[in-house]
Amino acid sequence: MSAGKETRMGTLSLAGKTDVGLVRKNNEDTFISRKIWDGKWCLAAVIDGIGGYEGGEVASSVAEHEICSYLEEFKSGNPGRLLAEAVNSANNAIFEERKTSEVYSRMGCVLTAVLTDGKTLYTAHVGDTRLYLARKGRLVKLTHDHSLVGYREEIGDLSEEEAMNHPMRNVISRDLGESLHNHDDENWIETSCLPIHSGDILLLCSDGLSDLVTSKEMCGILFDGKSLAERAGELIGKALSKGGKDNVTVVLVERDRDDDENEIQVETVGHKALERKTILLVLAVSLIAAAVLFFILKVTNII
């Protein structure tokens with residue numbers, strides 16, 4: 001399997017790749033992996049079209065274009081808010097496009113998108129594409145699948161293997177293009193904000209990967225020491241080796257290792273030392289106040 005395309009941005013490396021798979025004739029997936037805002041931020045997304053053939057491809061293409069265009073036009077403000085607005089703009093553009101042809105009347109897409117400057121991560125998610133965080137040999141899913149099967153897996157009602165093989169695995173409850181939304185409709189786009197640490201790896205993927213490749217297998221590939229582009233290619237190759245029944249798309253974002261962990265540890269130790277000093281000071285003041293009160297009561301013959 002060929003490696004994905006890899007680029008560098010400061011302390012970040014980016015790699016993305018998509019494959020039609022072994023069963024489908026067309027690829028309704030697309031992805032974004034690029035620098036924005038004067039090259040100081042990274043925009044990454046995996047977009048999975050739905051609605052069949054031309055419709056799914058059009059929807060994912062519209063979403064890609066709208067998200068990039070929106071964020072290039074609006075550069076000031078809260079990055080998380082702007083990312084959510086960009087996704088909302090993509091939703092409305094797809095909704096309007098659905099009116100232009102009977103072929104497109106039921107098209108839509110699901111997506112997971114992130115914005116990061118290498119320190120803070122902002123996310124926006126709709127549907128059953130996924131965002132994982134790989135850190136210190138562990139893999140954690142950061143997004144929630146907007147489906148009943150995904151929910152049952154998350155609460156432990158289904159194992160990962162049972163969910164992967166469930167006949168209703170791909171029945172989703174939320175997608176882009178179904179209805180118009182305002183920018184202040186906050187309930188339908190899942191968002192989050194969290195810090196990125198030294199050595200962190202972000203994995204964005206379509207269900208063509210997560211339906212076939214287990215978390216353990218993903219983790220093994222992500223930490224195998226190869227280049228980021230090679231790891232992206234290996235992830236897709238693993239899905240293809242298991243049948244490649246759907247389009248499969250992967251975007252990886254990795255932060256270089258640095259002294260960040262040592263700095264965090266020092267700050268934590270300093271914070272705890274400050275807490276201990278504060279507790280001792282409060283305790284000393286309380287003892288002095290109690291002694292003074294006892295003296296006053298003694299002198300006034302109250303006790």
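These are my notebook entries on a predicted model.

**Ground rules**

I count residues from 1 along each chain as its sequence is written, and I use heavy atoms for side-chain values, with hydrogens and water left out. For this predicted model, local features need pLDDT of at least 70 and side-chain atom pairs count only at pLDDT 80 or more, while totals for chains, interfaces and linings use all residues.

**Entry 1: the sheet**

I looked up the strand order. I take helices (H or I, at least four residues) and strands (E, at least two) as DSSP runs, numbered from the N terminus. Two strands pair if DSSP finds at least two bridges between them. The open sheet holds 5 strands, ordered β3-β4-β5-β6-β9, with antiparallel pairing. Its edges are β3 (29-36) and β9 (190-195); each has a single partner strand, so one side of each has no neighbour in the sheet. From one strand to the next the twist averages 10°. Axes for such angles are lines fitted to C-alpha atoms, for helices over the stretch in contact, and the angles run from 0 to 180 degrees between N-to-C directions. A reminder to myself: strands of a sheet pair through backbone hydrogen bonds, either parallel or antiparallel.

**Entry 2: strand by strand**

I went through the pairings. β3 and β4 are antiparallel over 8 bridges. Phe-31 stands opposite Val-46 of β4. The two strands make a hairpin with 4 residues between them. In that turn I found Trp-37 with a positive phi of about 50°.

Next came β4 and β5, antiparallel over 9 bridges. Leu-43 has Leu-115 in β5 as its bridge partner. How much of β4 is buried? I call a residue buried under 20% relative accessible area, exposed over 50% and partly exposed in between (1.4 Å probe, protein chains only). In strand β4 (residues 41-50), 9 of the 10 residues are buried, so the rest of the structure largely encloses this strand.

Then I checked β5 (residues 108-116) against β6 (residues 120-126). They run antiparallel and are joined by 6 bridges. Ala-113 has Ala-124 in β6 as its bridge partner.

**Entry 3: aromatic rings**

I searched for ring pairs. Rings of Phe, Tyr and Trp (its six-membered ring) pair if their centres lie within 6.5 Å; planes under 30 degrees apart count as stacked, over 60 as edge-to-face and the rest as tilted. The count is 3 aromatic pairs. One of them is Trp-37 with Trp-41, edge-to-face at 5.6 Å centre to centre and 75° between the planes. Trp-37 and Trp-41 are both buried. Another pair is Tyr-70 with Phe-74, tilted at 4.6 Å centre to centre with 40° between the planes. Tyr-70 is buried at 12% relative accessible area, whereas Phe-74 is partly exposed at 35%. I also noted one aromatic cluster, formed by Trp-37, Trp-41 and Tyr-122.

**Entry 4: salt bridges**

I listed charged contacts. A salt bridge is a side-chain nitrogen of Lys or Arg within 4 Å of a carboxyl oxygen of Asp or Glu. The total is 16 salt bridges.

Glu-72 and Arg-34 meet at 2.9 Å, N to O. This pair links distant parts of the chain, 38 residues apart: Glu-72 is in helix α1 (residues 53-73) and Arg-34 in strand β3. Glu-72 is partly exposed at 30% relative accessibility. Arg-34 is partly exposed at 32%.

Arg-130 and Glu-153 form a salt bridge of 3.5 Å, N to O. Arg-130 sits in strand β7 (residues 130-135) and Glu-153 in helix α3, 23 residues apart. Both Arg-130 and Glu-153 are buried. They also belong to a salt-bridge network with Asp-145, Arg-169 and Asp-211.

For Glu-217 and Lys-242, the closest N and O atoms are 2.6 Å apart. Glu-217 is in helix α6 (residues 215-222) and Lys-242 in the loop between α7 (228-241) and β11 (248-255), so the pair ties together parts 25 residues apart in sequence. Glu-217 is partly exposed at 24%, and Lys-242 is partly exposed at 35%.

**Entry 5: a nonpolar patch**

Which residues make the nonpolar surface patch? Leu-148, Tyr-151 and Ile-155 do, over about 340 Å². Patches are made of residues with over 30% relative accessible area and no salt bridge: like charges are joined within 9 Å, nonpolar side chains (Val, Leu, Ile, Met, Phe, Trp, Tyr) within 5 Å. Accessible areas come from the Shrake-Rupley method with a 1.4 Å probe; for residues, only the protein chains shown count as cover. Ile-155 lies in the loop between α3 (148-154) and α4 (160-164). Ile-155 counts as exposed, at 52% relative accessibility.
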